[in-house]
Structures are given as structure tokens and as C-alpha cells.
Amino acid sequence: MADLRSEARDWIADHWDPNRTLGEWWDELARAGWAFPHWPTGHGGRGLTREDARVVNEELAAAQAVAPPGGLGQMMGGPVTIDFGDDDQQDRWLMALASGQEGWCQLFSEPGAGSDLASVQTRAIRDGDVWIVNGQKVWTSGATSATRGMLVARTNLDAPKHRGITYFIIDMDQPGVEVRPLKQMNGGATFNEVFFTDAVVPHDCILGGVDTGWQVAVATLAYERQGLGSRGAAGGIVAGTPGAKAGHLDVPMSELIERARADRAAMERGQAARSPKSVIALAREQGKNQDPVIRQGLADLYVFAEVQRYTSLRARAAVQQGRQPGPEVSIAKLAASEQARRARDLSMRILGAHGTLMSPDAPNDGTFSQLALSVHGSSIAGGTDEIQRNIIGERVLGLPKEPQVDRDVAFKDLDVGTRSRGS
Ligand SMILES: Cc1cc2nc3c(=O)[nH]c(=O)nc-3n(C[C@H](O)[C@H](O)[C@H](O)COP(=O)(O)OP(=O)(O)OC[C@H]3O[C@@H](n4cnc5c(N)ncnc54)[C@H](O)[C@@H]3O)c2cc1C
């Protein structure tokens, strides 16, 4: 471990130069195997364990260097390509992800398939060496800058819903794929609708076999949970989105670092708005800290946040000791969205009519109003609050599983998603 640490440290000292472009740095990191050290050698990694790979992240952070490319493709697409892809697929995709040349999006959710993902209706029909895709996805984060997408599509109507799904890696740059950004109520537009009209995906872009894509989808979601759980882990400065379409690859890193610092400061203000400390400061500032009802709310928020902090520490300790995080992850996720809602309600009560303002001259630059309009996302993304409660009910409290009456019924005979039987 000490050898690895000093090798990584020396390499970073020799190669890190903020005046080079992001594309050059990411390319060099990938070629040296430092981008994702736990990926296979020659594919952006060195075949190390995840534990050893963490040492490299720590060294990148210590040097204040830019982190390897991050995005859904790197977090989930690379790992499932390693688990399910053949040699040719690994050759085609891993290095492009490791060096940030490509960013991928996750084409899972549909208007009628979110929590019940196995009800996807987007169809893929084989035509010789290619498959023709028709249907619609929604909530697709980052689709405007993605090079490829991880697509789950229905390929067999006669099989039960979990057994007729195929997992494709589809090229997003083609006439049959239309991406329409969705404007959010907080002003952002981070996700999109994606429409497929006779889109084409070659047969050799299937991961995990025809009709057996459900296993790959489940593995993808497990990597997503793991990635979300380790957010904020040391690994250098996060600057720039992967993929040529995002427009960052040719930019000198010194410029991107400046922008990243400003973005991070804004994000941290948003995150901090959920903490008892910020809401207490707001109450003082607004002269409401002697109001007994507000004080009661502040005490309640403080106690809740402390319990939630200890739960997260338990989950983190499990990962550090090489154990899979258990149901703590569901509890921590549920508690985080509950804490954000409590902070929202209390801060809006403190601000009164000022809570409706969202501009730089609003109290606290409108940060609490931004929180009020953004908080809903955390109760939905990565599994809704109700789904987390189901997991806790079944795995922690030992309650009976939800009935699954459709498990062995052909998909065409089900009323699911936005369709009715036989349509
Ligand atoms: C910020 C953000 C980013 C996202 N990015 C992506 C992305 O990049 N790619 C992608 O594919 N998807 C993405 N999603 C979509 C996300 O995965 C889905 O929104 C989520 O799975 C819920 O699905 P749904 O919206 O269809 O709601 P539904 O599943 O229709 O749920 C509607 C309501 O019913 C409840 N419900 C559903 N089933 C049950 C049950 N069995 N028991 C009790 N209650 C239930 C839910 O909790 C919810 O309150 C993103 C979502 C958000 C918020």
C-alpha cells in the first residue's frame, strides 16, 4: 500500500499541470491506469481492489489535482461493461469512459415505469444485425450532452415482465433519438424526455444477452446506490463534464477549476441550508430566535440531524471495513429527505412572505427559497421515500413482502405502465 501511495504521488507530481486541457489530463490519467485503478489494466485501470484505488483518490485530492471523469457512464456504465461485456465491448467503451471522451446517460424511467422499472414499454425489435427502438423515456439526466445511453427496452411480450427486457448501449447521436429538456420549477433543466422513433442499435451493443437485461439493470442500480453513497469521497477537484458535447475537453483546467469552485460554493450553500446551523442563523438574523414555536422547531431539527449523522457514519464505517452497506443506506436516504423537508418548512415559517423571493437581493441570496423548490427531488431520485420504507419494512422489520401477482404472467397480459392488456 505504501509503495502504491508513493508511486501515485510521484506520478501526479510529475504530470499534474493545471494549464493543460481537461481532455489531455483525463487521457493521461486513463493511459497510466490511474483514472479508475480498480478497472482492468489497459482499460483505464490497474486491476486494483476498490480499497487500494481509494489511496490514489486521496493522493489526487492531496495534490489539489482535477479528479478523473465522473458521470453516470463512469459510475455505472463502466462497471456493468466490466461485469457483463465481452472483450470487444470492453475495448470499445471502457477507455472512452475512463478518459472522459464519452459521457453516458441512463435511459431507464418512462412515464409508466419508475419504481416499477420492470414495466418498461419502450420496444426494441430485431431486424438482422440491428434492433429498431420505439418509445419514450423521461427524467433522463444529462441526455443533452450524452454520447451513449444505457437503455432498457422490451424485447419479448410473451415473457413475464422481468424476463423480456434487453439492455442496450445506444448511440445518442442519430436521427431516431430526440432529446427534449424539461424545465424544473427551481429554474434548472437537468433532466429530459427522450423519444425514440425507429432508432437503431446494433446487436453487438447488447450487454448481458437478449431478454436477460433485467440482471444488468439491477447491477446498474446497485452501482448507482454505491456511487451516490460515496459522493464527496476524496478524489480531486470535480471540474468539467465528460464527453465532447459538454464542451469542456479543450478548456484549460485552470479555467474549469475557477468555475468549479464557484459552482461548489453555490452547491454547498444549498446543502448547508438544510442544516440546523444555517436555519438557527437565519432565525437569529430575522429576529425570530426568541419565538417559542420557532425554537421548538429548531430543537427538533437539531435532534433529527444528529440522529441522521450517526446513521450515515454507521453506513460509511461499513463501507470502510469492506462490508456492503446494509439497510442503513435506505434509512439514511429517507432521513436526509425528511431533514430537508423539515428545514424547508421551518425556514419558510421564519422568512414569512420573504420566502417567496428568489434573487440575489432576497434574504440569504434566495438560498432558502431555492431549497424549498428543489427539496422534492431528493425524495424521488434513486428510489422514492415509499420504496425506501418498503425496503426497511421488509429487510429491517421483517414484514411480509409485497404481493407479486404478476411475476409469472406474460407482459402482454398485464395492465401495467401506461398501457392496458394486449395494447
Ligand atoms: C433528480 C432526479 C434525477 C433522475 N435521473 C434519472 C435518470 O438519469 N435516468 C432515469 O432513468 N431515471 C431518472 N430519475 C427517475 C427516478 O428514477 C424515478 O423518478 C423514480 O424511480 C420514481 O419513479 P416515478 O417518477 O415513475 O414514480 P412512480 O414509480 O410512478 O411513483 C409514484 C408514487 O407512487 C409511489 N409508489 C410507487 N410504487 C410504490 C410501491 N410499491 N409502494 C408504495 N408506494 C409506491 C412512489 O413512492 C411515488 O410517490 C431521476 C429522478 C430524479 C428526481
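Helices (H or I, at least four residues) and strands (E, at least two) are DSSP runs, numbered from the N terminus.

The model is a predicted one, in which local features need pLDDT of at least 70 and side-chain atom pairs count only at pLDDT 80 or more, whereas totals for chains, interfaces and linings use all residues. Residues are numbered from 1 along each chain as its sequence is written.

The protein chain comprises twelve helices and eight strands. Its radius of gyration is 23 Å, close to the 22 Å that the globule rule gives for 423 residues, so the chain is as compact as a globular protein of that length; the radius is taken over C-alpha atoms, and the rule is 2.2 Å times the number of residues to the power 0.38. Along the principal axes, the C-alpha atoms fill a box of roughly 75 × 60 × 40 Å. Of the 423 residues, 35% count as buried, a residue being buried if 20 or more other C-beta atoms lie within 10 Å of its own, exposed if 12 or fewer, and partly exposed in between, with C-beta atoms placed from the backbone.

An automatic or database domain assignment provides the domain bounds, dividing the chain into domain 1 (2–101), domain 2 (104–224) and domain 3 (272–383). The C-alpha centres of domain 1 and domain 2 lie 27 Å apart, and their contact takes 14 residues from domain 1 and 15 residues from domain 2, two residues being in contact if their C-beta atoms, placed from the backbone, lie within 7 Å. On the side of domain 1 that touches domain 2, the elements giving two or more residues are helix H4 (72–84) and helix H5 (87–98), and the largest share, ten residues, comes from H4. Helix H5 also holds Gln89, which counts as partly exposed because it has 17 C-beta neighbours inside 10 Å. Gln89 and Arg148 are 59 residues apart in sequence and 13 Å apart in space, C-alpha to C-alpha.

Arg148 leads on to strand E4 (residues 148–154), where seven of its seven residues are buried. In a regular strand the side chains alternate between the two faces of the sheet. From E4, Arg148, Met150, Val152 and Arg154 point one way, while Gly149, Leu151 and Ala153 point the other way, and all are buried. In the pairing with E5, Val152 has Tyr167 as its bridge partner. E1 and E4, by contrast, pair in the parallel sense over four bridges, with Leu107 partnered by Leu151 in E4.

Other antiparallel pairings involve strand E7 (residues 191–202), which is joined to E3 over nine bridges, Thr140 standing opposite Asn192. Strand E6 (residues 177–181) pairs with E7 in the antiparallel sense over five bridges, and here Val177 stands opposite Phe196.

Definitions and conventions: Pairing = 2+ DSSP bridges.
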